[in-house]
Amino acid sequence: MAMNAEYTPLFRARGITKIYHPGTETEVRALDGVDLDLYEGELAVLLGASGSGKSTLLNILGGLDVPTDGTLSYRDEELTGAGERELTLFRRNVAGFVFQFYNLIPSLTARENVALITEIAPDPMEPEEALGLVGLSDRMDHFPSQLSGGQQQRVAIARAIAKRPEVLLCDEPTGALDVHTGITVLEAIERVNRELGTLAVIITHNAAIAAMADRVLSLSAGRILSIHSNEKRAPVNTLSW
Amino acid sequence: MLDLKLLRDIRGMKGQMTAIALVMACGLTLMIMSRGLLLSLETTKNSYYTESRFADLFCDLKRAPLFLEPALAMIDGVAQVETSVRGAIILDIPGMKEPADGFVHSLPEGRPRRLNRIHLRSGRLPEAGNRDEILVSDSFAKAHGFRPGDAIDATVYGVRRSFRICGVAISPEYVYEIRPGGMMPDPERFGVFWMSERELSRALGLEGAFNSVAFRLAPGADAEMVKADIDRLLEPYGGLSAYDRERHVSAKLMEDEVAQLRVFSVAFPVVFLSIAAFMVSAALTRLVKLQREQIAQMKAFGYSGFSVASHYVKFAFVPVVAATLLSGTLGMWAAHAFIGLYQRFFNFPALIFRPDWSALLVALLASGLVSFLGVLGAVRQAASLPPAEAMRPEAPADYSPSFLEKAGLHRLVQPSFRIALRNLERKPWQAFFTALGLALAAAIPVLPGAMADGVDYLVDFQWNMAMRQDAVVTFIEPSGGEALLSLSRFPGVLYAEPFRAVPVRLFNGHRERTAAITGMPAAPRLNRLLDSQERVVPVPGSGLLLSEKLAEVLDLSPGDEIRMEVREGRRPVLATFLSGTITDFTGVGAYMEIEGLRRLLGEGTTASGAYLQVDSLYWDEFWRRVKETPRIGSVTTTAGARESFSKTTEEMMGVSQMLYLVFSLIVSFGVIYNGARIALSERSRSLATLRVLGFTRREVTTILLSELGLLTLLSIGPGLLLGTWMAKSILESVDTETMRFPLILGARTYVVAVLTVFVSTVFSFVVVGRRIAGLDLLAVLKSAE
């Protein structure tokens with residue numbers, strides 16, 4: 001999907017700055033005045049090396065962290081200055097998360113890991129449907145310890161999308177996986193983005209993944225270096241690294 | 001360096017370490033306290049008994065000439081004999097409406113007693129030839145503020161006279177100074193006195209004779225043979241049965257106290273220390289898991305398996321040392337508090353607290369051993385971990401559907417609750433010991449509750465339901481009908497119910513007991529006999545009623561034959577039978593219809609005394625008449641007895657009730673807190689993930705604590721059962737012929753027990769819940785487990 005001026009952005013970030021331990025010897029400027037708009041239905045890749053500030057940016061977008069300076073809004077809602085309760089509700093109802101290390105609950109089966117979230121969501125899909133979307137219909141009653149890494153990550157994606165989020169935030173989703181498994185996970189994310197129209201943001205240090213995105217935002221030293229729009233999204237199965 | 005790491009790590013686990021140390025300290029405190037008390041009581045008692053030459057055998061009789069003494073000394077196995085006279089004394093104390101009473105004993109002139117020597121607290125012994133000098137027992141003197149030189153008015157054997165107190169003393173026979181048949185010391189109304197032998201013999205009309213004798217046994221003597229010889233020799237002189245220290249009221253109560261302390265010093269510490277061992281085990285196992293990587297690094301750097309193991313063993317010893325220090329202080333303090341109580345109830349020359357330092361060592365060793373056992377599994381795991389393997393994160397935990405789900409009930413529970421169920425099933429031992437600790441915490445408060453309710457019931461049963469009399473009067477000698485008639489005409493007396501009490505020996509085969517048999521009207525209006533259901537038991541026309549306990553020790557069932565030897569008057573021996581049993585809580589007794597007893601004794605209308613109903617408006621006049629009546633040997637009021645019993649038991653139980661409650665709170669808080677901290681550590685990753693996924697803090701807390709909440713709920717029922725069982729066993733252990741406590745378990749007791757556990761559970765939940773607020777949400781996303 002190409003960028004159009006008539007689209008209103010879902011996320012609108014202006015001058016986002018994040019400083020850890022301000023005023024001390026160990027002060028770290030993780031983000032340094034980031035301006036960013038993210039649009040409904042697009043698939044964006046935040047590309048950067050370790051320490052570029054991409055994770056901090058994703059955490060702030062997801063309501064897990066608050067910026068030291070700057071403003072961030074989601075639709076018409078100000079996220080900067082929102083309280084603990086509002087941020088919890090934002091994470092609960094709006095954002096879906098996929099983590100590098102899956103973070104499944106080990107004592108629950110695949111189906112139950114998804115059901116745990118659908119229980120608290122206002123308009124969820126059935127856990128079975130979500131698991132079907134990531135191709136795990138035949139593994140629903142397995143515990144995490146009985147699944148491969150790729151399968152666990154797909155359960156995590158199913159868990160993230162089951163509540164029909166408007167935003168899917170993926171932090172190094174293939175970081176712990178081999179190429180082949182990584183591709184199946186990215187396919188699942190791409191399919192959700194395409195079929196459900198969910199804004200998908202993938203952060204990665206892996207430049208090969210950039211080809212599947214609508215837009216690629218490169219970060220370095222806490223600033224956005226460049227924004228590049230792909231003419232056409234490359235099919236995920238053609239990626240390799 | 002490893003020790004520096006130890007210190008820092010311990011600072012990080014200070015909450016858990018404190019909880020473990022506190023639970024250990026509960027057990028050790030009880031141990032140090034009871035062992036200190038045991039040592040103090042036993043050494044004091046033994047040295048006092050030795051110094052004062054406390055006798056081995058005792059016998060009371062009607063009257064025997066003094067020249068019989070050499071014959072008694074000749075009995076094979078007797079090392080020493082001391083004869084004396086003793087009698088009842090009734091005192092008119094200024095400021096007290098009702099009279100006090102007690103026993104007065106003789107002191108030989110010109111020499112110390114050979115046996116049962118008295119110990120002077122102040123003043124001096126009565127001077128020979130000084131007729132009016134009297135020694136007063138220490139507790140009686142204290143209760144009334146008497147000092148040497150004070151005067152008291154008393155009636156001895158029907159003669160009222162004035163005495164001068166020449167000293168205050170104690171005797172090994174009255175370490176526990178208690179009225180025969182009484183439950184608790186009542187120093188205001190009961191005392192012991194001593195006079196010179198010549199004076200007292202004259203007062204009692206026993207010149208040249210004795211009515212009490214004590215014996216010291218030669219080493220290796222057969223006490224049973226000696227007793228039989230004494231009984232045979234004294235039979236013609238109205239001898240009651242000879243008895244040993246086992247039947248001696250004061251000596252027996254001391255032994256009971258010592259035996260109870262001995263049980264306490266082992267049973268409770270074992271229970272508390274087992275719980276602590278489990279807590280150590282759970283905490284350290286978790287620590288070793290968390291520090292897999294550090295262990296690997298230590299090993300990679302060349303630390304041996306042994307030094308790694310000893311590093312983790314040291315963790316376990318930190319709470320041990322803390323607990324020993326804490327319980328040393330607390331135990332000594334508690335023992336001091338109890339010694340203070342003992343000093344009030346036990347009359348020793350000097351009951352000083354002797355700290356049992358070896359108890360500290362035992363405490364250190366016991367808790368050390370317990371921790372070592374607890375930590376063994378975790379340490380072995382740490383020491384045997386190959387460095388390369390330890391570097392890798394631990395494999396994800398295996399889970400399987402819980403038992404409930406296999407049973408097809410999983411539809412009933414939400415996924416969030418399934419987490420709890422599966423965690424419990426995955427670590428059944430951890431769950432079991434946590435539940436055990438909680439059950440114990442619920443059980444502990446049942447004890448003091450049951451005791452308090454038991455005392456209340458006893459008071460109600462004994463003094464409201466059974467005894468309806470306001471006062472009991474005994475005559476110095478059994479008296480005829482005219483004595484009763486005059487008593488019934490005392491001011492305020494509404495009704496007088498006579499009784500006749502005589503000493504008897506009861507036999508069933510080889511079992512035998514000495515007791516008093518009380519003859520009473522067939523349907524008593526005042527002093528009623530009740531069964532365990534509080535129903536009135538009519539006094540039978542034939543056969544005997546016995547206290548349940550007496551029937552039990554004689555192994556008698558209703559209908560069984562009893563051989564009865566009356567030890568008074570013409571001493572009839574007859575075969576009768578057990579017609580039924582009655583319930584009572586102090587001493588034991590036998591009862592029959594008064595007319596039958598009189599016929600048996602060949603008497604007319606004699607009575608030993610009477611139960612009286614007195615109009616409360618006339619008490620002053622009533623007491624005046626009592627004090628003017630020489631025939632009266634003792635008077636006790638129901639209200640006075642009830643009041644002194646309640647006061648004394650309250651004092652005695654107050655300290656232990658506090659201890660029980662505090663210990664229960666500590667155990668339940670400690671167990672829950674430790675469990676919650678471990679659960680939090682094990683699941684912090686899952687919990688942070690849930691917070692990231694939009695679960696509120698409260699929802700996450702609920703998920704974490706529902707596991708422990710479930711265990712708490714599950715353990716309450718068994719805990720109350722355990723408490724009931726413990727209360728029952730403890731009451732059974734003090735169930736003696738001297739005293740018994742009813743087992744009464746009211747709703748209040750259980751409510752307090754449940755509340756104790758709930759309050760400490762909620763409190764530890766709040767403490768742990770605050771840690772959930774502080775979970776680092778970002779850290780968990782970046783790390784593999």
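A residue is called buried at under 20% relative accessible area, exposed at over 50% and partly exposed in between, with a 1.4 Å probe and protein chains only. The structure described here is a predicted model, in which local features need pLDDT of at least 70, side-chain atom pairs count only at pLDDT 80 or more, and totals for chains, interfaces and linings use all residues. Residues are numbered from 1 along each chain as its sequence is written, chains are lettered from A and ligands numbered from 1 in the order in which they are written, and side-chain values use heavy atoms, leaving out hydrogens and water.

**Aromatic pairs**

Rings of Phe, Tyr and Trp (its six-membered ring) pair if their centres lie within 6.5 Å; planes under 30 degrees apart count as stacked, over 60 as edge-to-face and the rest as tilted. Over all chains, a search of the whole structure finds 29 aromatic pairs. Two of them are set out below.

| Pair | Centre to centre | Between the planes | Arrangement |
|---|---|---|---|
| Tyr74(A) and Phe90(A) | 5.3 Å | 70° | edge-to-face |
| Phe432(B) and Phe433(B) | 5.4 Å | 75° | edge-to-face |

The pair of Tyr74(A) and Phe90(A) links distant parts of the chain, 16 residues apart: Tyr74(A) belongs to strand 4 (residues 69-74) of chain A and Phe90(A) to helix 2 (residues 84-93) of chain A. Helices (H or I, at least four residues) and strands (E, at least two) are DSSP runs, numbered from the N terminus. Tyr74(A) and Phe90(A) are both buried. In the other pair, Phe432(B) counts as partly exposed because its relative accessibility is 43%, and Phe433(B) is partly exposed, with a relative accessible area of 27%.

Chain B also holds an aromatic cluster formed by Tyr49(B), Phe54(B), Phe58(B) and Tyr243(B).

**Charges over rings**

A charge sits over a ring if NZ of Lys or CZ of Arg is within 6 Å of the ring centre and within 35 degrees of the ring normal. The charged end of Arg86(B) sits over the ring of Phe103(B), 4.9 Å from its centre. For Arg525(B), the charged end sits over the ring of Tyr495(B), 3.7 Å from its centre.

**Positive phi angles**

Most residues other than glycine have a negative phi. Glu172(A), although not a glycine, has a positive phi of about 45°. This residue lies in the loop between strand 7 (167-171) and helix 6 (179-196) of chain A, and Glu172(A) counts as buried because its relative accessibility is 7%. Ala221(A), also not a glycine, has a positive phi of about 50°. Ala221(A) is placed in the loop between strand 9 (215-220) and strand 10 (223-229) of chain A; at 56% relative accessibility, Ala221(A) counts as exposed.
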